[in-house]
Amino acid sequence: MATVELRRVNKTFGTHQAIQGLDLSIANGEFVALVGPSGCGKSTTLRMIAGLEAVSGGAIVIGERDVSHLPARDRDIAMVFQSYALYPHMTVAENIGFGLKLRGTRRARVAELVDEAAETLQLKEVLGRKPKELSGGQRQRVAMGRAMVRHPQVFLFDEPLSNLDAKLRVHMRAQIKKLHRQLTTTTIYVTHDQTEAMTLADRIVVMNHGRIEQVGTPHELYGAPVSKFVAGFIGSPEMNFLDAVVEGAAETCDLTFADGSRLSLGPVHAGLPAGRPVTLGIRPEHLHLAGPADPPDGRLSGLVEVIEPLGADTLIHVVVAGRTLVARLAAKVAVEVGDRIELGVDRARAHLFDPASGLAL
Amino acid sequence: MPLTPSPRTIKTAVLTVLAGIWLVPVLMMLAVALMPPGQRAAGFGGLAIKGVSLASFGTAFDRAPILLHFVNSLIITVTSVVLVVVISSLAAYAFARTRFRGGESLFYGLLATLMLPIPALIVPIFQLNKTFGLLDTYWGLILPYTALGVPFAVIIYRSFFSAIPQELEEAAKIDGCSTFGIWLRIIMPLSWPATSVVVIFQFMTSFNEFILALVTMDSNSLKPLTLVPLIYAGPFMAQPGPMFATLTLITIPVVVVYLLMQRFMIGGLTAGAVKG
Ligand SMILES: Nc1ncnc2c1ncn2[C@@H]1O[C@H](COP(=O)(O)OP(=O)(O)OP(=O)(O)O)[C@@H](O)[C@H]1O
Ligand SMILES: [Mg+2]
C-alpha cells in the first residue's frame, strides 16, 4: 500500500498534448476512479503511472519514491487491462503465478499464493485450463488474480468490466468493492461508466481534454459540480440544461426562458444581476408533478413527449421552452403522451452555470 | 440436394490431381530404389517394378559411409536452423516493435537480398570462406546457409509478431519481464506457427543444398549427404538402384522434419489472449 502523487504531469504525442499539467494526490488505501469522455486521457494517465508510457514532464511518486523514470517492473504496481491480456500459452495457474515466478519466489510459495487467489476469485476448478477455454467472466477474474497475487502497492484498472454483459458487470463491480475492502490496496480505476465510478470510488476524478475538471467524493460531484461538464457527466439520466436570462429583483432570481415562460428560483440563488444570461441545470430526480405545495412561480409547464416506465420509477420527456427535459417520476404516474403537465422544481437543488465558460455560478 | 459440386470439392479435386502429378518423380525414384537387383529397368515409364527389395539400400550402406555423411548433414543443417531461428526472431522482434533510425531501409534491404539467385553468390561466398579460413570446415557451410536463410525468416517472424497483441507484452512488463524476457517467455512460445515454417524451410534448403557444399568441402569425411552420389559415382553409383536408394535416403529427414513440425503450423494460438 502506498500513496500516489502526480505532480504537474504532462504527456505529448508528437505535437498533440494529451495530458496537461495533471496534479493529483491519492491517499494510502484510497479507491480513486478516473472518468471522462473518450480520448480525454484516462488510459494515458494510468499507463504513465504504470510505466508503460513515459512522462513528457512532471513527476509520479508512489510511496516516497519518485518512479517517473523507473521501468514498469520496478514500480510495484499491478494492472488489469480492458482486454485482460492473459498469456494464451499458459494455464490459469501459470498466468496468475507468472509475476511471482519472475521475482524468484519459491515454487511451493507460488503454488500457495496462486491457490489463495484462486480461492478468493472462485477459480479453483479452472486452474489447469488455458485462457481460451474460459468464459469472459472467468478471464476477467484471472486477470484480477494475476494482479492480486503479488500484493502490489497499487492496483491499476483500465475499464476492466467493459467486456462483460450488464448483469455480470454489476456482479463483478460488487466483487471488486468487496476485494478492495479486504485488501485495502490503493486503487486507480479508469472507467467511462459514471455509475461504476459512483458506486466504487472514494473519490472521483473527472477529466476532460487532458485536464482535471473536478476531484471529489461521489456525493460532492453529484451535489456541487463545479462546471456544466461535470454536472452533465455525473448522474444518470443526465442533468437537464435550459438557457435563461435573470430578471427582476436580485433577491429572488427570476429566470425567463426563450419562450417567455418564467421560473423563480428563490433566495438560494440570489445576487445575480438582472439581464445576465445563465444556464439552468436540474437533475431529472429533482423534478416532480406539481402539487398544491408548489408555488405558481416554481413550476415549469410542458408537453409530454415520451414515457419510459423503468419499473421502480418512470422517466417522462417533457418539452419545456423548446427543449426536452427528462423528469424521474413515480412508477404509476397518471400522464399520457401529448398531455400538458406542470412540473414542480426542487429549487434548492437547481444549479446555475455561466453559458460561456460552463462554470458553476 | 443439388448435384453441382461445391467450390470446396472442386478445389480439393484440382489439388489432388496436381499433387498426384507432383508425386510421379518421387514414385519413380522409390520404384527404382526398391527394384530387385538384376532387373534391368522398371516398366510403365519407370513406375512398375516386379517385386520389392531393399538390396539397393544394402549396397549403398555397404559401399559408402552413409551414416557419417548423414551426421555431417545433420550437424550443418541443425546448427544453421538453430542460428536462423534465434537471429531472425530477435531481429524481427526489433523490426516489429521498436522504431529506430534506418529501421525501415534496413528491412527493405533485407527484402532485396531475397531476389539474389544463389548461383550468383557462389563465387563471393567462396572468396569469403577462403579469406576467413573456413574452406573445408562445417562453418564454411553453416554460416552461409544461416546468412541466406535469415531474410526470409525475418519476414515470416516480423509479420507474425506484429499480430501479437501489444497488451500481452505490457502485462509481461508489469509482471517483471525485461525486453529479452518478453521475447523468450511470451513472444517465442506464442510463435510456434512461424517457427515451424522457418524450421521446415531452413532445414529443407540447408539439407538439400548442393553447389555450395561441392565447392566448399574437400575432405570426403566432412561432406554432407547430398554429395554422396557424386563422390561414389565411379565405384558403384553408376547402377541406378543404389543411386536412387541414396537419393531416397536424402529425402527422408526433410519429410520427417516436415511431419514433426506441421502440427505447430496451425494458427490461432493467440486465441483467448485478448477479450472474449
Ligand atoms: N500512442 C499514442 N500515440 C498518439 N496519440 C495517442 C497515443 N495514445 C493516446 N493518444 C491520444 O491521446 C489522447 C488520450 O488518449 P487515451 O487513450 O488516454 O484516452 P481515454 O481517455 O483512455 O479514452 P477511451 O475512453 O476511449 O479509452 C487521445 O487523443 C489519443 O488519440
Ligand atoms: Mg482508454
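Visitor: How many salt bridges does the count give between chain A and chain B?

Guide: The count between these two chains is two, while the structure as a whole holds 16 salt bridges over all chains. This is a predicted model, in which local features need pLDDT of at least 70 and side-chain atom pairs count only at pLDDT 80 or more, whereas totals for chains, interfaces and linings use all residues. Residues are numbered from 1 along each chain as its sequence is written, chains are lettered from A and ligands numbered from 1 in the order in which they are written, and side-chain values use heavy atoms, with hydrogens and water left out.

Visitor: Why are A:Arg47 and B:Glu170 called a salt bridge?

Guide: The term requires a side-chain nitrogen of Lys or Arg within 4 Å of a carboxyl oxygen of Asp or Glu. The side chains of A:Arg47 and B:Glu170 meet at 2.8 Å, N to O, so the pair qualifies. It crosses between chains, from A:Arg47 in helix α1 of chain A to B:Glu170 in helix α7 (residues 166-175) of chain B; helices here are DSSP runs of H or I with at least four residues, and strands are runs of E with at least two, numbered from the N terminus.

Visitor: What is the area buried between chain A and chain B?

Guide: It is about 2200 Å², of which carbon and sulfur atoms give 61%; buried area means the accessible area (1.4 Å probe) that two parts lose on being put together, summed over both. In chain A, the residues that lose the most area to chain B are A:Arg73, A:Pro88 and A:His89, together 23% of what that side buries. The contact, defined by heavy atoms within 4.5 Å, takes 28 residues from chain A and 23 residues from chain B.

Visitor: Why is helix α8 of chain B called roughly perpendicular to helix α9 of chain B?

Guide: The axes of α8 (residues 179-190) and α9 (residues 192-208) of chain B come within 5 Å and cross at roughly 70 degrees. Roughly perpendicular covers 65 to 115 degrees, with angles under 35 roughly parallel, over 145 roughly antiparallel and the rest oblique, which makes α8(B) roughly perpendicular to α9(B). B:Met188, B:Pro189 and B:Leu190 of α8(B) meet B:Trp192, B:Pro193 and B:Thr195 of α9(B), and these residues divide into five nonpolar, one polar and no charged.

Visitor: What makes helix α2 of chain B roughly perpendicular to helix α13 of chain B?

Guide: The axes of α2 (residues 55-63) and α13 (residues 240-262) of chain B come within 8 Å and cross at roughly 85 degrees, so α2(B) is likewise roughly perpendicular to α13(B). The residues of this contact divide into six nonpolar, five polar and no charged.

How values were computed
Axes are lines fitted to C-alpha atoms, for helices over the stretch in contact, and angles run from 0 to 180 degrees between N-to-C directions. Ala, Val, Leu, Ile, Met, Phe, Trp, Tyr, Cys and Pro count as nonpolar, Asp, Glu, Lys and Arg as charged, and the others, Gly among them, as polar.
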